[in-house]
Amino acid sequence: MTGEKMLRFNLIVAVCENFGIGLKGDLPWSIKSELKYFSRTTKRTSDPCKSNAVIMGRRTYFGVPASKRPLPERLNIVLSTTLQPADLPSDVVLCSNLEEAMKHLETKALRDEIENVWIVGGSGVYKEAMASPRCDRLYITKIQQNFECDTFFPSIPDSFREVSPDADTPLGVQEENGIKYEYKVLKKIE
Ligand SMILES: NC(=O)c1ccc[n+]([C@@H]2O[C@H](COP(=O)([O-])OP(=O)(O)OC[C@H]3O[C@@H](n4cnc5c(N)ncnc54)[C@H](OP(=O)(O)O)[C@@H]3O)[C@@H](O)[C@H]2O)c1
C-alpha cells in the first residue's frame, strides 16, 4: 500500500455452548436485547459524520428478514460468487471475495466515509476473517446453553486474548427469556 495504513476489521458473532451460530438460514435463538447490542455496536462511530460497513456472506444477508435488510445506517457488503448485482438493492455492494471488499473500502472515496468495518458472518467468512492480518477484535456473545444448529463458529486462533468490553457494554451474565449469555471481546496479540 502507498503510505496508508491497512484498513482493519472487527468480527461480531453470537455463539452457543456447542459452537452453533445458525439453523436453517436463521438464528437458532431469539434474544432481542442481543440483536439490539449487535445493531448498536455495528452502528457506533466516534465521528458523527462517518458510518460503518458490514460484510457478510450471501446466506447471512438473505437470512435477515426482508423488511430488515439491507441493515440500516451501515454500508452492506455481500460476498458471493453466484449473485449478480441486479439480485441486490442498488445500495448494497456485491464482492466476490473478502479482500476485494476490503480493497473497495480502501478506495479514496470510501476511506474518508467509513469508520469501522464489521465482519458479521457466516461460518467461512468468520474463518477467513480470523486468519487475516486485518482482523483486530472479536466481539463474541457467549450463549450459555446448547441449541440445535447446522452452522458453526470456527475455532479461534491462539493469537486472540480477552480484553475489557467497550464502556457501554453490559457486564456479567445477562438473561432474556431464561437464556443466559455474556458479552466478551477478544483482541489479536500482535
Ligand atoms: N449467530 C450469529 O452471530 C450469526 C451471524 C451470521 C450468520 N449466522 C447464521 O449463519 C447462517 C449463515 O451462515 P453460512 O455460513 O451458512 O453462510 P454465509 O457465510 O452467510 O454464506 C455463504 C455464501 O456466501 C458466499 N461467500 C462466503 N464467503 C465468501 C468469500 N470469501 N468469497 C465469496 N463468497 C463468499 C458464498 O456465496 P455463493 O455460493 O453465492 O458464492 C457462500 O455460499 C444462518 O443460519 C445465519 O442466521 C449467525
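1. Strands here are DSSP runs of E with at least two residues, and they are numbered from the N terminus. That numbering places N177 in the loop between β10 (174–176) and β11 (179–188). The model is predicted.

2. Stay with N177 for a moment. Its phi is positive, about 50°, although N177 is not a glycine. Is N177 buried or exposed? N177 is exposed, with a relative accessible area of 68%. The cut-off for exposed is over 50%.

3. K24 also deserves a check of its backbone. This residue, other than glycine, has a positive phi near 50°. K24 sits in the loop between β2 (20–22) and α1 (32–43). The relative accessible area of K24 is 70%, so K24 counts as exposed.

4. Next, the cis peptide bonds. R69 is joined to P70 by a cis bond, with omega near -5°. Where does P70 lie? P70 belongs to the loop between α2 (58–63) and β4 (74–79).

5. A cis bond also links G121 and G122. Omega there is about 0°. G122 is found in the loop that runs between β6 (114–119) and α5 (123–131). Please look at this link in the model.

6. Now strand β3, residues 51–57. Why can β3 be called largely enclosed by the rest of the structure? Six of its seven residues are buried, so the rest of the structure largely encloses the strand. Buried means under 20% relative accessible area.

7. β3 pairs with β6 through four bridges, and the two strands run parallel. Within this pairing, A53 stands opposite V117 of β6.

8. β3 also pairs with β4. How many bridges join β3 to β4? Six bridges do, and these strands run parallel. G57 has L79 in β4 as its bridge partner. P70, with its cis bond from R69, lies in the loop between α2 and β4.

9. Last, the annotation. UniProt lists "domain: DHFR" for residues 8–188, in an unreviewed entry. Over residues 8–188, the chain is 22% helix and 34% strand. The end C-alpha atoms of this stretch are 12 Å apart.

How values were computed: Residues are numbered from 1 along each chain as its sequence is written. This is a predicted model: local features need pLDDT of at least 70, side-chain atom pairs count only at pLDDT 80 or more; totals for chains, interfaces and linings use all residues. Side-chain values use heavy atoms; hydrogens and water are left out. UniProt positions are given in the numbering used here, feature names are shortened, and annotations may be inferred rather than shown by experiment. Buried means under 20% relative accessible area, exposed over 50%, partly exposed in between (1.4 Å probe, protein chains only). Two strands pair if DSSP finds at least two bridges between them.
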